Amino acid sequence: MHAGYPVMCHLDSVKELVNMEHMQTNGLWGPIHELGHNQQREGWEFPPHTTEATCNLWSVYVHEKVLGISRDRAHEELQLQHRNKRISDYPGKGAQLKDWNVWTALETYLQLQEAFGWEPFIQLFSEYQTMSNIPTDNPSKMNLWAEKFSRQVKKNLAPFFVAWGWPIKREVSKKLASLPNWDKNPMKKV
């Protein structure tokens with residue numbers, strides 16, 4: 001499949017797109033992944049790290065909210081053993097941003113979603129649609145996203161993002177220090 005308008009695919013993929021029974025039984029990760037690419041925006045994308053990761057936020061959302069399929073059933077990579085391995089391996093190897101991509105990058109967002117729900121994402125993505133003067137370099141964009149998400153959930157998430165290898169600037173950490181600590185930060189245990 002290929003993201004675009006319209007989404008393009010081989011004919012043998014059509015049943016995945018038009019057969020509701022097939023969708024509810026097997027899911028439709030591929031098509032939603034491709035449509036997710038159409039939802040990505042330059043302001044909150046950090047290529048090459050998130051190119052194949054944040055598009056999957058829509059896959060998770062559609063599977064859970066629309067199809068009633070849990071994330072661990074929606075894609076094998078979201079089964080607990082795979083997630084736990086990434087959560088321990090990535091920081092264990094020094095949380096190098098060069099290695100933060102696809103499923104590892106998605107894990108960062110999934111941990112936030114599991115803690116705070118979908119609403120902060122919905123609000124933040126809406127806000128980004130009307131923002132101007134968004135920086136163009138990844139470190140600045142990542143700092144802006146971390147600050148905005150932290151303010152959205154009213155928690156200091158700087159230590160969380162640092163644990164994931166994000167290049168959080170000292171001034172952003174200082175600003176976020178005025179917010180309550182995130183005591184349930186899942187990366188504190190790692």
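This is a predicted model: local features need pLDDT of at least 70, side-chain atom pairs count only at pLDDT 80 or more; totals for chains, interfaces and linings use all residues.

**Entry 1, the core.** I looked up the largest nonpolar core and found 47 residues in it. Those touching the most other members are Trp-100, Leu-112, Phe-121, Trp-145, Phe-161 and Trp-166. I then listed the elements that give two or more residues to this core: α3, α4, α6, α7, α8, α9, α10 and α11.

Which residues is Phe-161 in contact with, leaving aside its neighbours within four places in sequence? I noted Thr-108, Leu-112, Trp-145, Ala-146, Trp-166 and Ile-168.

I checked helix α4 (residues 55-66) against helix α7 (residues 102-116): their axes are 10 Å apart and the packing angle is about 55°. That angle makes α4 oblique to α7. I logged their crossing as right-handed. On the α4 side I found Asn-56, Leu-57 and Val-60, which meet Trp-103, Leu-106, Tyr-109 and Leu-110 in α7. By class, this contact of α4 with α7 has six nonpolar residues, one polar and no charged.

Next I took helix α6 (residues 80-92), whose axis comes within 10 Å of that of α7 and crosses it at roughly 105°. That makes α6 roughly perpendicular to α7. From α6 I wrote down Arg-83, Arg-86, Ile-87 and Tyr-90, and from α7 Trp-103, Thr-104, Glu-107, Leu-110, Gln-111 and Glu-114. The contact of α6 with α7 divides into four nonpolar, two polar and four charged residues.

Notes
Residues are numbered from 1 along each chain as its sequence is written. Side-chain values use heavy atoms; hydrogens and water are left out. Axes are lines fitted to C-alpha atoms, for helices over the stretch in contact, and angles run from 0 to 180 degrees between N-to-C directions. Helices (H or I, at least four residues) and strands (E, at least two) are DSSP runs, numbered from the N terminus. Angles under 35 degrees count as roughly parallel, over 145 as roughly antiparallel, 65 to 115 as roughly perpendicular and the rest as oblique. A crossing is left-handed if the near helix is turned anticlockwise from the far one by less than a right angle, and right-handed if clockwise. Contact means heavy atoms within 4.5 Å. Ala, Val, Leu, Ile, Met, Phe, Trp, Tyr, Cys and Pro count as nonpolar, Asp, Glu, Lys and Arg as charged, and the others, Gly among them, as polar. A nonpolar core is a set of buried Ala, Val, Leu, Ile, Met, Phe, Trp, Tyr and Cys residues joined through side-chain atoms within 4.5 Å. Buried means under 20% relative accessible area, exposed over 50%, partly exposed in between (1.4 Å probe, protein chains only).
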